[in-house]
Amino acid sequence: MRTVFGSWKYLFKNILFLWPFALIPAVFFSLTLDYQCIHAVSSGFFSGAPQAEFLQYFHAWSFFRFDSGTGALMSIMTVVVTVPAFALLLCFVEKHMRLGKRTLSGLWYQTKNLLPSATAYAFIMIVVYELWAVVLSSLLFALAELNSTPAIYVLTLLAIPVFGFVLLYLTTVLYLWLPCRQMTGFRFFEALLYSYRLMVGVRAKLLFSFALSALTGLVLLSTCALLPDVVFHIIAIVLCFFLFLHFGVNMEALYFETDKLDREDILRHKWEY
C-alpha cells in the first residue's frame with residue numbers, strides 16, 4: 001500500500017512547497033482539453049446515443065488541439081511550460097528525499113542538467129500517447145458504426161479498459177528512467193536497463209496506482225463535461241494539478257524505494273510516517 005498511497009501522503013504533507021511547480025502546467029493542460037468534443041462524446045454516451053465522428057473521439061482523447069491556430073499554440077505552450085516545471089519538481093523532491101531539505105538552493109543547476117533528459121522523456125511519452133489516441137479513436141469510431149446500440153456500449157466499455165491497460169503498461173517501462181538518469185548519470189540505454197529492472201518488481205502495484213488515477217480522471221472529466229464550460233475547466237485544473245504532482249512525486253519515491261536508498265525526509269521525521 002505504501003507504493004500506491006505513500007506518494008499521496010507525501011504530496012499533501014508538502015503541498016505548500018509543491019504547488020508552485022504544478023499550478024501553471026495544470027492551467028495549460030486544462031486549456032488543451034477540447035470541451036466541445038468531450039461534451040459531445042460524453043453527452044451522447046450518457047443519453048443513449050453513443051455515436052460520434054472520428055475527430056470528435058480523437059480531440060476528446062488527445063492533448064493536442066489542431067482544430068484551430070489558437071488550440072495548436074496552446075498545445076505547444078503546454079509542452080514548453082510543463083517540461084521545465086516537471087524537471088524542477090523532480091529536482092526539488094529528489095533533494096528533499098535525499099538531503100531532507102526543502103530549499104531552492106542549487107535547484108536551477110540540477111534542473112539544467114536534467115532538462116535534456118526530461119525533454120526526451122516528454123517527447124517519447126507524447127508520441128506514444130498520441131499514437132495510442134489515434135488507434136483508440138479509430139476503434140471507437142468503427143464501433144460507433146455498428147447497427148446495434150447495446151453492442152456499441154458493450155464493446156466500447158471493453159475497449160477502453162483494454163486500451164487503458166496497454167497505455168499504462170507502456171508508461172511503466174520508462175517510468176523510473178528519468179530519476180535513474182538524475183541520480184546515477186547513466187547513459188540512455190544503461191539507465192533504461194537499470195531502471196526497468198527496478199520497476200519490474202513493483203509493476204503490479206504501479207499499474208494499480210496508475211489505474212486509480214486514470215479512472216478518477218476519466219470519470220471526473222466525462223461527467224463534468226455535462227456541466228458548463230467554465231465549471232469543467234475549473235475541475236480540470238484541480239485534477240491536472242494533483243495528477244501532475246503525484247506523477248512526479250511517485251516517480252521519485254518509487255525510485256528511492258526500489259533502489260533501496262535512504263530517504264532523509266523520512267529518517268528525520270520517522271515517527272510521522
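The model is predicted: local features need pLDDT of at least 70, side-chain atom pairs count only at pLDDT 80 or more, and totals for chains, interfaces and linings use all residues. Residues are numbered from 1 along each chain as its sequence is written, and side-chain values use heavy atoms, with hydrogens and water left out.

**Whole chain**

Start with a cartoon view. The chain has twelve helices and zero strands; helices (H or I, at least four residues) and strands (E, at least two) are DSSP runs, numbered from the N terminus. The C-alpha trace spans about 60 × 35 × 35 Å along its principal axes. The radius of gyration is 20 Å, close to the 19 Å that the globule rule gives for 273 residues, so the chain is as compact as a globular protein of that length. That radius is taken over C-alpha atoms, and the globule rule is 2.2 Å times the number of residues to the power 0.38.

Colour by accessibility next. Buried residues make up 45% of the 273 residues, where buried means under 20% relative accessible area, exposed over 50% and partly exposed in between (1.4 Å probe, protein chains only). Of the contacts (heavy atoms within 4.5 Å) between residues at least 6 apart in sequence, 77% join residues at least 24 apart.

**The cores**

Select Leu-18, Leu-89, Tyr-121, Tyr-175 and Leu-178. These residues have the most contacts inside the largest nonpolar core, which has 46 residues. A nonpolar core is a set of buried Ala, Val, Leu, Ile, Met, Phe, Trp, Tyr and Cys residues joined through side-chain atoms within 4.5 Å. Among the elements that give two or more residues to this core are helix H1 (2-13), helix H2 (15-32), helix H5 (69-99), helix H6 (107-144) and helix H11 (229-258). In soluble globular proteins, nonpolar side chains tend to be buried together.

Keep Leu-178 selected and show its neighbours. Leaving aside residues up to four places away in sequence, Leu-178 touches Phe-86, Leu-90, Leu-114, Ser-117, Ala-118, Tyr-121 and Met-251. Another core, of 14 residues, lies apart from the largest one; Tyr-57, Tyr-129, Leu-136 and Ala-159 are among its members.

**Leu-221**

Move to helix H10, where Leu-221 is placed. Leu-221 touches Leu-33, Ile-38, Phe-232, Ala-236 and Leu-239, not counting residues up to four places away in sequence.

**Salt bridges**

How many salt bridges does the structure hold? There are two, a salt bridge being a side-chain nitrogen of Lys or Arg within 4 Å of a carboxyl oxygen of Asp or Glu.

Select Arg-98 and Glu-94, whose closest N and O atoms are 2.5 Å apart. Both belong to helix H5 and are four residues apart, so about one helical turn separates them. Arg-98 counts as partly exposed, at 37% relative accessibility, whereas Glu-94 is buried at 4%.

The other pair is Asp-265 with Arg-263, with the closest N and O atoms 2.7 Å apart. Both of these residues are buried.

**Cysteines**

Show the sulfur atoms. A search of the whole structure finds zero disulfides, a disulfide being a pair of cysteine sulfur atoms within 2.5 Å. For Cys-91, the nearest cysteine sulfur is that of Cys-180, 15 Å away. Cys-91 counts as buried, at 1% relative accessibility.

Cys-240 counts as buried, with 14% relative accessibility.

Go to Phe-189 in helix H9. Is Phe-189 buried or exposed? Phe-189 is exposed, with a relative accessible area of 60%. Phe-189 and Trp-177 are twelve residues apart in sequence and 9.3 Å apart in space, C-alpha to C-alpha.

Finish at Lys-260, in the loop between H11 and helix H12 (264-267). Most residues other than glycine have a negative phi. Lys-260 is not a glycine, yet has a positive phi of about 55°. Lys-260 is exposed, with a relative accessible area of 72%.
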